[in-house]
Amino acid sequence: MKRLICLILAMLLLSGCGVFGERIKDPVTFYYIRSDYQKDMASVIASETREASGHRDDLPYLLALYSMGPSKEELRSPFLPTTQILPTEHTAAGIVLSLSEVPDSMADAEYTLASACLALTCMELTNASQITVVCGDRSVTINTENLMLFETGHERQREEMK
């Protein structure tokens with residue numbers, strides 16, 4: 001019995017199904033708000049890499065995955081867990097995303113920050129240069145030409161300036 005269990009474990013590890021050192025085969029980058037960003041306003045948005053095998057070009061699926069929130073404890077989702085994100089228009093130049101709901105108590109600055117996280121995510125998932133996030137009478141358009149992002153860390157350093 002022990003030999004059988006060892007043989008099964010060895011087969012799993014050799015086939016790449018092992019848990020230790022497993023690489024992400026088809027990564028996507030999602031952007032979320034840091035949970036403690038009030039302490040350090042210089043570092044408000046952070047990225048998280050997730051697995052997207054078989055769904056790399058399926059924007060509705062990836063947005064639903066994004067809506068589930070981050071897996072890292074130091075990050076938090078910018079929207080309610082019940083908020084649905086629907087791409088309503090998708091052209092080569094830009095994407096319009098409609099949100100099903102945001103709290104009425106969400107201040108304009110919070111909405112803009114949440115929209116920036118979503119826009120950065122969509123810019124990573126697609127080659128769109130402009131993202132518009134709409135919910136009711138609120139609308140924020142973020143363009144790569146007027147977006148400035150300084151991300152520090154060992155994963156990447158990126159700077160986009162006008």
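Tutor: In this predicted model, three strands form an open sheet in the order E2-E1-E3, with antiparallel pairing. Strand E2 (45-51) and strand E3 (75-76) are the edge strands, each with a single partner strand, so one side of each has no neighbour in the sheet. Helices (H or I, at least four residues) and strands (E, at least two) are DSSP runs numbered from the N terminus, and two strands pair if DSSP finds at least two bridges between them. Residues are numbered from 1 along each chain as its sequence is written. Because the model is predicted, local features need pLDDT of at least 70 and side-chain atom pairs count only at pLDDT 80 or more, while totals for chains, interfaces and linings use all residues; side-chain values use heavy atoms, with hydrogens and water left out.

Strand E1 (residues 27-34) is joined to E2 by seven bridges, and the two run antiparallel. Within this pairing, Pro27 stands opposite Glu51 in E2, and Tyr31 has Ser47 of E2 as its bridge partner. E1 also pairs with E3 in the antiparallel sense, over two bridges; here the bridge partner of Arg34 is Leu75 of E3. Six of the eight residues of E1 are buried (under 20% relative accessible area, with exposed meaning over 50% and partly exposed in between, for a 1.4 Å probe and protein chains only). E1 is therefore largely enclosed by the rest of the structure. For the chain as a whole, buried residues make up 39% of the 162 residues.

Helix H2 (residues 59-67) lies across E1 and E2 and runs at about 35 degrees to E1. Helix H3 (residues 108-125) also lies across E1 and E2, but runs at about 170 degrees to E1. Such angles run from 0 to 180 degrees between N-to-C directions, and the axes are lines fitted to C-alpha atoms, for helices over the stretch in contact.

Two packed helices are described by the angle between their axes and the distance between the axes. The axes of H2 and H3 come within 11 Å and cross at roughly 140 degrees. H2 and H3 are therefore oblique to each other, since angles under 35 degrees count as roughly parallel, over 145 as roughly antiparallel, 65 to 115 as roughly perpendicular and the rest as oblique. Leu59, Leu62, Leu63 and Tyr66 of H2 make the contact (heavy atoms within 4.5 Å) with Cys117, Leu118, Thr121, Cys122 and Leu125 of H3. By class, this contact of H2 with H3 has eight nonpolar, one polar and no charged residues; Ala, Val, Leu, Ile, Met, Phe, Trp, Tyr, Cys and Pro count as nonpolar, Asp, Glu, Lys and Arg as charged, and the others, Gly among them, as polar.

Leaving aside its neighbours within four places in sequence, Ser115 is in contact with Phe79, Val133, Val140 and Ile142.
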